[in-house]
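User: Hello! I'd like to see how the labels in this structural description follow from their cut-offs. Could we go through them together?

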Amino acid sequence: MADTPLENLRIVLVEPSHPGNIGAAARAMKVMGLHHLVLVNPLRFPAAEAVAMASGAEDLLDRAEVCADLDAALRGCRRVYGTSARSRHVSWPNLGARAAATSLCTDLQAGPCALLFGRERTGLSNAELDRCQVLVTIPTADRYSSLNLGQAVQVLAYELFMAAGAEPFPAGESATPMAAAEEREGFYRHLQGILQACGFLQAPRETQMMRRLRRLFDRATPSANEIHILRGILTELERWAGKGKVDRKNQDSL
Ligand code: SAH
């Protein structure tokens, strides 16, 4: 059983003619946690342009499966989704990118599935779309609906990543702890002491001014580390101004 449903997904590029697009697709996949790239009869692969465009996702290119035909690419797949920039005369069940990603995530829980992308010039043939249970279209402005192949892979990879329950922010960013109330208060007391000492804060507007300064810093939702930096700056300013000039009763230690 796969760790996440996305492990079961194959991104299949049918007869891509520009190796750069293969590299761009690999990069688009890797940033969204997709790993299984399948190439059906690529015009040129391996190729230096693919490596150049992969830019850090060369491992996906190394592990890419190259198949001689669609049958081989789809072996073992439970459900196949095909992408198309155009609406077709024959009616396939057609979903937009976002709804398709949700539906595909559900299907992936049952086993391997494939998402097919067509040729740069002509897309997928009707015979190839016959192999698909669902047709996927990325919504676009009316007149021009055709995305570059690598960019189409990026949009769908992103939608799949989000549909699979990704955190809206990278772990590193969301893990930055916001400063605690007592850390913020320590900073405000420190700031107030210095602003009094240098003559900037004067009655009767002192309270009002401190309130405005609090609003300003609070809007930035500083982290504990950032508060530490701000206090470091204040401490250096005090040292620079000459010890003893600042009324230290308003401060606590760093
Ligand atoms: N002239 C072709 C365009 C191919 S673009 C055509 O009309 O089909 C290359 C591939 O990118 C397409 O086969 C499809 O897989 C994908 N693609 C491009 N734009 C798309 C869109 N708006 N929705 C879904 N897939 C798209």
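This is a predicted model: local features need pLDDT of at least 70, side-chain atom pairs count only at pLDDT 80 or more; totals for chains, interfaces and linings use all residues.

User: Leaving aside its neighbours within four places in sequence, which residues is Leu70 in contact with?

Analyst: Residues are numbered from 1 along each chain as its sequence is written, and side-chain values use heavy atoms, with hydrogens and water left out. With neighbours within four places in sequence set aside, Leu70 is in contact with Val12, Val14, Val40, Leu116, Glu128 and Arg131; contact means heavy atoms within 4.5 Å. Leu70 itself is found in helix H4 (residues 70-74).

User: Why is Leu70 called buried?

Analyst: Buried means under 20% relative accessible area, exposed over 50%, and partly exposed in between, with a 1.4 Å probe and protein chains only. Leu70 has a relative accessible area of 11%, so the label is buried. The C-alpha atoms of Leu70 and Leu39 are separated by 9.2 Å, although these residues are 31 apart along the chain.

User: What makes strand E1 largely enclosed by the rest of the structure?

Analyst: Six of the six residues of E1 (residues 9-14) are buried, so the strand is largely enclosed. Both faces are covered: Leu9, Ile11 and Leu13 are buried on one side, and Arg10, Val12 and Val14 on the other. As for the labels, helices (H or I, at least four residues) and strands (E, at least two) are DSSP runs, numbered from the N terminus.

User: How do you know that E1 pairs with strand E2?

Analyst: Two strands pair if DSSP finds at least two bridges between them. E1 and E2 (residues 37-40) have four bridges and pair in the parallel sense, with Ile11 opposite Leu37. From E1 the chain crosses through helix H1 (residues 19-31) to E2 in a right-handed β-α-β crossover. Right-handed here means that, with the strands pointing away from the viewer, the path from the first strand over the helix to the second runs clockwise.

User: How many bridges join E1 to strand E6?

Analyst: Five bridges join E1 to E6 (residues 113-117), and these strands run parallel. Val12 stands opposite Leu116 in E6.

User: Why is Glu206 called buried?

Analyst: Its relative accessible area is 18%, so Glu206 is buried. Glu206 is found in helix H10 (residues 206-219). Apart from neighbours within four places in sequence, Glu206 is in contact with Gln192, Gln196 and Leu201.

User: Why does Trp240 count as exposed?

Analyst: Trp240 has 74% relative accessibility, so it counts as exposed. Trp240 lies in helix H11 (residues 224-241).

User: And how much of the protein chain counts as buried?

Analyst: Of the 254 residues of the protein chain, 40% count as buried. The secondary structure comes to 11 helices and seven strands. Among contacts with a separation of 6 or more, 81% are between residues 24 or more positions apart.
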